[in-house]
Amino acid sequence: MSSTHFSSQNGAGGPPYANGPSQNPVALQPPGPGYMAHQTPYNPMQGKGPMPPGPGLYNSGPYQPIPPVSSNQALPVQPMLNRPPMGHPHSMTPPQSASPGPGSRMPPAHATPPPVSANNYQHAPAPAWQYGGTPPMGAPPSMGAPPPMAMPPFRPVGNHMTSSPSLATPQASLAEYSAAPPVFHNATQPLGPPTTLQGYTQQGSAPLPMNPMAAPHSYQPGMRAPYGGPPPSVRPTPPTTGPPMGNANPPLGPKTDAQCGSDASDDAPHTEYETQENDTECPGHMPTPGNGAQVPNSFDHLEMGPTMAGPVPPQQPGPPTRHMGLSYPSLPPGYQNTSAPPNTATMHHPMQPSTQPYSHAPQPYQQPSAGPAQLSPSLAGLSLQSQTPESLRVVNLLQERNLLPPGPVTPPTPCLPQDLQKINCHPEVFRSTLTSIPQTQSLLNKAKLPLGLLLHPFKDLSQLPVVTSSTIVRCRSCRTYINPFVSFLDQRRWKCNLCYRVNDVPEEFMYNPVSRSYGEPHKRPEVQNATIEFIAPSEYMLRPPQPAVYLFVLDVSHNAVETGYLDVVCQSLLENINALPGDSRTKIGFITFDSTIHFYNLQEGLSQPQMLIVSDIDDIFLPTPDSLLVNLNECKELVQDLLKSLPQMFGKTMETQCALGPALQAAFKLLSATGGRVSIFQTQLPSLGVGALKSREDPNQRASAKDIQHLSPATDFYKKLALDCSGQQVAVDLFLLSSQYCDLASLGCISRYSAGSVYYYPSYHQQHNPAGVECFQKDLKRYLTRKIGFEAVMRIRCSKGLSIHTFHGNFFVRSTDLLSLPNVNPDAGFAVQMSIEENLVDMQSVSFQAALLYTSSKGERRIRVHTMCLPVVNSLSDIFAGADVQAITGLLASMAVDRSVTASLSDARDAMTNASIDSLTSFRTSVLTIQQPGLLAPACLRLFPLYILALLKQKAFRTGTSTRLDDRVFAMCQLKYQPLAYVMLMIHPALYRVDDLTDEGSLNVSERIVPQPRVQQLSVEKLSRDGAFLMDAGSVIYLWIGRNCNPNFLTQVLGVPDYAAVPPNMNMLPELDTAESQRTRAFVGWLREQRPFFPILHVIRDESPLKASFLQNMVEDRTESALSYYEFLLHVQQQVSK
């Protein structure tokens, strides 16, 4: 088993990190606000060395501070003592020295599991992810410690991440989440009390003195200063009247990666017009593509926008102060948390019945009242209560079976002051794995939890505040967009919440277009909404905005025509041609291919479309370059004629060859001048010309319990072409409709690196698979009509001290933190991993901002900005209390996909298991003060082992179960590309009993009554032969009918007299005029509406061939090749208790 590290880096070389001993973040805090002893991030993908004596996993030797080093310098570190490896390292891994040891942390992934009582787990190397950074490279060992393990070479990789189409977040009820469609106005509703988390005091610790002046809704554990006030060492005493003028700022020093850019611009599209390099202030920070080659014309500077003129205010050295909220004065401790504004909006989502305090309505500003300035600093930051919060309630997983909540799992609420939490970014758009950020990397390492962000940046929002302004206010230093979490020192100055620079307020920003008043910059919509969209001025353009350009490339070989897909595509285009996003400049074109390439001249004035055939596929060229892409409005009749004739044109073809590579080259030549979207429809393995592939799948190995081969591409042709496309603002979407192996691992690269999407329809056939045809029709309609952004780039910024080191999704990494997205669609999700580079001891909160610059289909240049604020904590208990178990699972799934491709599937499986073991071990040894028998977890992580087991049994990672290679690769694409809410249904489906639906607790959605049945455990023991159960697995919905199902359900819902009359291939519920039918159809329809794709409904009986697929999703049950949930818990307990 391999012990190679999880190594991931995009763009130019960055700092290597290594695993060292985790020091006590409080007792061993180095002096000085800017000092940071480099800590090696926790890496659960690493081989384990021998365990030291005692209960902990870490060295307890003397603290050895390491002087700060440059970002490109190798760090001397102490290796962590870990469990020993067993067997031979992976072929890509240099040999390593480790002493042998007894026992394994990973349950066998194959063969029949042994009896639970047998102690049969052998110690093996426990691969581990490096949560917080990149692996060490040549770090010398410390004295007295075993030598560090050899690491693979540290290499830049481009889009080191893979892809997937979209999963479904409920879209129904985002009305209250952001402002109303008129440019600034937001609907408001009264807000319920937010869920806040009080400081958690471990048993046995001295009681904390109470602070009678602290606001009860603030999250202030330990000795942290309150939000809004500077640290005690620099806290000023404000005057009794008037705002203070102090503006203590951090010294101007080298920027972090998240701040590097230039003052010119930032998130710009990359085109041939670019001649100026971006990183003038960041030596050595060169934009680097995936293969390591430099991008010659990197125009990485548009989103940075113009720098505002005017003198730069002098910066005073000193530690950064946090002025949270919108108050002008710097108030003494305990007086910065203002009361809740009266008018706020509450987010209520159909998938989240409980009210979440997220709102994007404009909040009325309230000047906080000044109070006594003599409050003792030692009392600042203490919570009023010290009882254990619900999220830290100890749960014995071996004793409590019913851990699932009755409805969807809701994300934790960050413990911010109430007025800030109400305007924080909604977690469906921007979400962190930890809602409480550790002060130091060593504290994060000790928690053994990954730190990362999950984004759904272009999500469809029912209401979105849009700002039109000639001045977009941004920080002069780090280029952060002004947002609700900046602080105004007075009416003329604001302090950036990422780099703490003081900036001048432009004169235009003094006017508030909402209230039409002057002198209230804190009431502007930019400072009242955490999600906002700007219509960008001309400074954010390097060329005129491109038109919407759509090119359809269609496989017309015999195999393709036989499936009947061509009729569906042409008919769908005819029906939706007027709904394609665009304006009067919209262009369209068509290419078909078999063994030759066929172009279509649609020039205005022709009486009918003209086919032009190029048979020289080795040297592809455009026969008439000016008439192949035509204006849709001017040539619509010719386009419609072509779509009507295409299916018959190739109806009798006997051509079986397929030249996909040359067709893609032709598409690139056709679109490279303008950019746009290429839609490829492919039905077989490419067999001719460049990019031809051969079958690599051995059907006899589909159920292999060994490592799965051929998860990586067979050729780099498709990746290289995708990078060329990305450079010319061309994205490629792939529709794969096939019943045979098509090597999706290779073909998918064309979409992955060009920011496209992959759609996969196995066993597609117009006659033999009507359910698949319906799914394809619905998906295609959504695809053709959904909004689209062209020539887009996205940059994620974070507070000073934090850094981003890995991205996941479909894109190309232009520079360290800039993603190139030739197309961006509302169904795409992204994830990033983060590390803590500098201690955050002077901060009470940190912020993250994602800026997406794109061209709309109407030709407008727009910037969508999301900002999220999270508290900083200094204790392990607070970190665990803020853990988001679903976000952690989603990030680990993306990391595991990368690990499967770069190392092996078994390494990825082992690392996922280790992630649950390590986090629960850390909780048991470092948070619990009274050790108890059993497998103990905090309530917020009670589902973590269940989700990990579900991942191990998911199609992407399972072994010992027959899984087609393309099915497995597509599942991996989905885990990387889809937003979190959709991914979680793929990992852990939702099971409901539906034969007894009632209106109790139902929702009223669009004047429909939608029942809300309780979520059941995924175990056969929950099924009943006299019931009907519906399983929502994301892309598919199963309705299982018990043999003795209630006859009333059969007649009133399915319209059949008895069980035997249920059709074998039933995929639709009949519309019956009965209350039971209306409830069931309303519930299924409501589930479908919450995702952008169309899940097929399968009604199955005991005799149905799909019953096996249904039962494979029962993740809590034992199978021939996998443990049951209880057996898995016993295994985890065995490892945690060591």
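View 1. The model shown is predicted: local features need pLDDT of at least 70, side-chain atom pairs count only at pLDDT 80 or more, and totals for chains, interfaces and linings use all residues. Residues are numbered from 1 along each chain as its sequence is written, and side-chain values use heavy atoms, with hydrogens and water left out. Strand β21 (residues 758-762) pairs with β20 in the parallel sense over 5 bridges. Strand β19 (residues 676-682) also pairs with β20 in the parallel sense, over 7 bridges, and Gln682 has Leu736 as its bridge partner in β20. Two strands pair if DSSP finds at least two bridges between them. Strands (E, at least two residues) and helices (H or I, at least four) are DSSP runs, numbered from the N terminus.

**View 2. The two faces of β20.** In a regular strand, side chains alternate between the two faces of the sheet. Strand β20 (residues 730-738) is mostly covered, with 9 of its 9 residues buried. One side carries Val730, Val732, Leu734, Leu736 and Ser738, and the other Ala731, Asp733, Phe735 and Leu737. Buried means under 20% relative accessible area, exposed over 50%, and partly exposed in between (1.4 Å probe, protein chains only).

**View 3. Nonpolar cores.** A nonpolar core is a set of buried Ala, Val, Leu, Ile, Met, Phe, Trp, Tyr and Cys residues joined through side-chain atoms within 4.5 Å. The largest core has 211 residues, of which Ile597, Phe848, Phe957, Leu1039, Ile1041 and Leu1054 touch the most other members. Helix α12 (residues 885-902) gives the most to this core, with 9 residues. A second, separate core of 44 residues includes Ile577, Tyr600, Leu602 and Phe790.

**View 4. Surroundings of Leu1039.** Not counting residues up to four places away in sequence, Leu1039 touches Val994, Ala1028, Phe1029, Leu1030, Leu1054, Leu1069, Leu1097, His1098, Val1099 and Ile1100. Contact means heavy atoms within 4.5 Å.

**View 5. Salt bridge between Glu1103 and Arg1043.** The closest N and O atoms of Glu1103 and Arg1043 are 2.9 Å apart. A salt bridge is a side-chain nitrogen of Lys or Arg within 4 Å of a carboxyl oxygen of Asp or Glu. The pair links distant parts of the chain, 60 residues apart: Glu1103 is in the loop between β36 (1096-1100) and α19 (1107-1112), and Arg1043 in the loop between β35 (1036-1041) and α17 (1047-1054). Glu1103 is partly exposed, with a relative accessible area of 45%; Arg1043 is partly exposed at 38%. Arg1025, Arg1043, Arg1101, Asp1102, Glu1103 and Lys1107 are linked in a network of salt bridges.

View 6. The structure holds 35 salt bridges. One of them joins Lys778 to Glu774, with the closest N and O atoms 3.7 Å apart. Both residues lie in helix α10 (residues 770-785), 4 residues apart, about one turn of the helix. Arg585 forms a salt bridge with Asp583, the closest N and O atoms being 3.6 Å apart.

View 7. The protein averages a pLDDT of 75, and 66% of the residues score at least 70. pLDDT is the predictor's confidence in each residue, from 0 to 100. Over residues 132-299 pLDDT stays under 50, and the model has 593 contacts beyond four places in sequence for this stretch. Where pLDDT is low, the predicted coordinates should not be read in detail.
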